[in-house]
Amino acid sequence: MSRTIKLKKGFDINLVGKPKKQVLKTNQPETFAIKPSDFVGLSRPKLIVKEGDNVKAGSPLFFERGIEDILFTAPVSGEIVEIRRGEKRRVLEVKILADKEIEFEKFDKYSISDISSMSKEAAISQLKKSGAWTNFIRRPFGIIANPEESPKAVFISGFDTHPLAPDFAYLLRDQDQNFQAGIDILNKFTPGTVHLNINGNGEIPQIFSQVNGVQLNKVYGSHPAGNVGVQIHHLAPIAKGDVVWTLSPVGVAQVGKLFLEGVYDTSKLVAVTGSQIKKTGYVRTYAGACLNKLLEANVEGDDNRFISGNVLTGEGVRLEGYLGYYHNQISVIPEGKQEEFLGWILPTTSKLSFHKAFGLFSFLNGKKEYKVDTNTHGEYRNFVVTGSFENVLPMDILPTYLFKAIMAGDYDDMEALGIYELIEEDVALCEFIDVSKNPLQEILREGIDLIKEG
Amino acid sequence: MKFLQRKFDQIKPLFEKGGKYEKFYPIYEGHRTIFFAPDMTTDRKGTQIKDGADLKRVMMTVIIAMIPCLIFGMWNVGHQHYIATGLEATLLEKLWIGILKVVPIIAVSYAVGLSIEFTFCVIYQRPVEEGFLVSGMLIPLIMPATIPLWQVALATVFAVIIGKEVFGGTGMNILNVALTARVFLYFAYPTDISGDVWTYLGDKTPVDGFSGATILAYGAEAASNGTNMMQLASSHWYAGMFDFWNMFIGIIPGSIGETSTLMCLLGAIVLIATGVGSWKIILSVILGTLFMGAIFNLAGTNSFMQMPPHYHLVIGGLAFGAVYMATDPVSASHTELGKWIYGFLIGVITVLIRVINPAYPEGIMLAILFMNVFAPLIDFYVVEANKKRRLKRATV
């Protein structure tokens with residue numbers, strides 16, 4: 001039974017630099033890096049490799065104590081050139097100097113009919129060994145799933161409503177078979193349904209309309225309609241004790257390819273977006289790519305913020321920084337380190353705002369695309385304004401009360417107010433519109449960590 | 001503006017760590033951010049872009065919404081002065097008297113309030129917050145023009161320290177700061193803020209038959225002595241003063257900024273259009289007032305009770321309180337359903353106090369403060385209902 005969800009609340013951030021549907025010709029970066037911090041919930045990963053070792057794509061790099069059999073593997077083949085560590089010798093990056101031709105570790109290959117008859121255990125074993133298990137995310141908490149658990153359902157969001165987001169149908173070009181195989185694998189893991197949620201406002205991509213073994217749900221609305229957490233809330237809400245899994249469509253295809261071709265292939269299209277990009281589009285590379293070559297001769301201005309991911313949930317890296325493991329998008333926007341004379345009160349139509357406070361006339365602009373920099377437009381303050389977060393979080397959740405419960409360390413309230421249903425991306429829009437400029441995503445993660453450990 | 005920036009940059013080392021005035025950095029920073037929106041950028045993690053609105057702009061919106069009340073109020077101070085003394089005067093002369101009386105009150109309120117704010121910022125090494133920008137303007141507007149300046153200062157000290165700073169500053173207070181100032185004077189120096197204080201006479205003698213009474217005083221008299229309120233009001237020494245439309249426009253004695261319902265409506269339009277003030281609160285205060293007024297109409301044992309409910313909206317400070325004070329997001333209910341209940345009860349209680357308790361002719365001040373105290377309780381039940389609903393949904 002497919003469902004239709006119509007969301008009224010939310011806010012689309014309309015920026016300059018949407019990715020054009022074209023593949024840009026670029027050189028492959030020389031180095032790739034895996035950052036343990038990309039995998040939420042890892043505490044002290046244990047390295048298997050050392051500098052100078054040679055690895056293939058799919059060779060193990062490290063594991064997490066307690067879940068030793070889930071391996072974190074190399075996205076490309078080559079030589080481990082550097083293991084960058086931070087405070088207390090915490091591993092920050094495992095850097096690989098990539099081979100010209102990528103060599104793959106060989107995993108078991110299955111035909112389409114083999115996949116349907118394959119046991120759940122065999123599938124899990126190959127996924128854990130290859131590194132592809134990292135695509136399975138568990139809710140609550142948004143951490144890597146525990147293969148021993150049986151999720152009550154699996155959710156895939158088939159569209160991304162974040163600013164300048166890539167088009168999943170474009171990312172998955174020619175991957176129909178891999179995607180179908182991935183869905184077949186997912187169906188082994190849950191006694192419930194595999195939900196594939198698609199954008200009601202657009203055309204249904206063929207890859208999604210033809211796939212078997214999913215419940216296709218249509219979601220209408222502005223951002224965060226594309227967030228899988230919001231979709232789960234309306235389809236089958238998570239309560240205490242429930243476990244569901246989520247994957248991105250790109251991850252599903254990667255899982256499918258692992259079984260169809262026996263390789264852990266992290267190659268993907270990455271959208272190159274933002275107002276500082278001369279020619280927007282998509283580049284083909286592997287997970288953990290260094291940004292420099294991908295953006296070569298394609299960036300305007302000197303003082304820019306290079307973001308792996310989108311402007312709401314992404315991470316600011318340098319031009320020599322690396323693409324996050326789960327990211328399919330690079331955003332480049334200007335830095336905003338300049339003072340503005342009476343900038344807090346002069347009327348303007350060029351400042352993007354959800355609010356209509358005096359002088360902010362952006363709501364008159366209609367569908368105008370904005371060029372936005374990284375200026376905070378104000379300083380941190382206590383919560384003062386009420387009622388605005390609720391307008392950008394299309395869930396039956398009282399965000400301000402949840403944040404206050406987290407700050408007070410009140411476990412019962414956190415639980416009752418819905419912390420199991422949220423991860424950072426769901427409150428990113430609240431953080432964006434907050435006139436008191438609170439770091440709400442960080443606060444939410446602190447709360448999740450408290451609940452997880454408590 | 002490069003010049004100003006350079007000046008600020010020049011003195012900056014004095015206020016930075018190791019500088020001579022390092023303790024006073026919040027004050028330096030507070031002043032700089034008035035001239036220049038800061039050059040802060042987002043962190044490496046978290047949203048990389050931020051909305052163009054900040055708390056300064058939100059607070060400033062409220063002040064802008066108060067401007068109609070302020071200007072009309074200054075004119076009205078002069079106008080009431082001239083009709084009470086029986087002298088002819090032009091619009092500008094009336095405005096001038098108002099400016100002479102009102103500007104010092106505003107100056108004292110801001111000077112005293114900001115000094116305290118700065119002192120606390122230095123003690124606790126936290127940035128200067130914008131909360132007092134609004135309170136500093138609200139306090140003068142709810143004082144009679146005749147208020148002694150030292151009382152304004154004292155009330156501001158009390159309100160800022162006891163009403164706000166002890167709770168941790170802007171955003172943490174329970175009671176509306178400006179109303180805390182007024183209620184302090186109301187109980188500490190009642191003779192200066194009730195009775196015949198609403199018309200500024202200066203050294204002039206009033207005309208024969210002059211009475212400084214407000215319509216609320218007639219109401220109180222009706223409630224306690226059984227006199228006919230409407231009759232008294234219509235035979236007021238200045239004919240037509242207490243006609244409905246005259247009161248709506250606000251050409252009546254009262255606190256400086258609150259007499260004109262019309263100007264409050266203009267302010268309400270600004271607050272609602274900008275989304276800064278909650279329309280739910282404003283509307284529900286009006287509904288609560290009309291509801292309670294209608295109930296009293298049914299009971300109707302004295303002439304105040306028999307007054308048509310819509311009169312309540314234009315007399316006293318109800319409109320001003322509903323638009324500018326009840327909507328204070330910090331001390332109001334924080335939940336959307338809570339705002340309806342909170343506002344409605346403010347309306348009900350205002351009329352209750354006015355009609356039933358003649359010792360306090362003005363009900364809106366006490367009603368808002370009372371509901372400020374109860375707002376967390378209302379929110380508690382709204383939040384509990386949300387938890388229950390969430391729990392129920394999960395077990396299905």
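Select chains A and B together and start at their interface: 52 residues of chain B are in contact with 64 residues of chain A, contact being defined by C-beta atoms, placed from the backbone, that lie within 7 Å. On the chain B side, α2 (25-35), β1 (36-37), α3 and α17 (364-395) each supply at least two residues. Helices (H or I, at least four residues) and strands (E, at least two) are DSSP runs, numbered from the N terminus. Colour the chain B side by residue class and you get 20 nonpolar, 18 polar and 14 charged. Here Ala, Val, Leu, Ile, Met, Phe, Trp, Tyr, Cys and Pro count as nonpolar, Asp, Glu, Lys and Arg as charged, and the others, Gly among them, as polar.

The model is predicted: local features need pLDDT of at least 70 and side-chain atom pairs count only at pLDDT 80 or more, while totals for chains, interfaces and linings use all residues. Residues are numbered from 1 along each chain as its sequence is written, and chains are lettered from A and ligands numbered from 1 in the order in which they are written.

A:Glu340 stands opposite B:Ala37 in β1(B).

Now colour chain B by domain: domain 1 is 7-35 + 55-203 and domain 2 is 215-252 + 260-389, with bounds from an automatic or database domain assignment. Their C-alpha centres lie 24 Å apart. Between them, 23 residues of domain 1 are in contact with 24 residues of domain 2. On the domain 1 side, α3 (55-85) and α7 (177-188) of chain B each supply at least two residues, and the largest share, 12 residues, comes from α3(B). That side divides into 16 nonpolar, 6 polar and 1 charged.

Move to chain A and select strand β11 (residues 154-157). What covers its faces? A:Val154 and A:Ile156 on one side and A:Phe155 and A:Ser157 on the other are all buried, meaning that 20 or more other C-beta atoms lie within 10 Å of the residue's own, with C-beta atoms placed from the backbone. β11(A) pairs in the parallel sense with strand β12 (residues 194-199) of chain A over 4 bridges, and A:Val154 stands opposite A:Val194. Another 3 bridges join β11(A) to strand β14 (residues 244-247) of chain A, also parallel; there the partner of A:Ile156 is A:Leu247.

The last stop is an open antiparallel sheet of 3 strands in chain A, in the order β3-β5-β6. β3 (45-47) and β6 (67-73) stand at the edges, each with a single partner strand, so one side of each is left without a neighbour in the sheet. Select β5 (residues 60-64) with β6(A): they pair over 4 bridges, and A:Pro60 has A:Thr73 as its bridge partner.

Methods: Two residues are in contact if their C-beta atoms, placed from the backbone, lie within 7 Å. Two strands pair if DSSP finds at least two bridges between them. A residue is buried if 20 or more other C-beta atoms lie within 10 Å of its own, exposed if 12 or fewer, and partly exposed in between; C-beta atoms are placed from the backbone.
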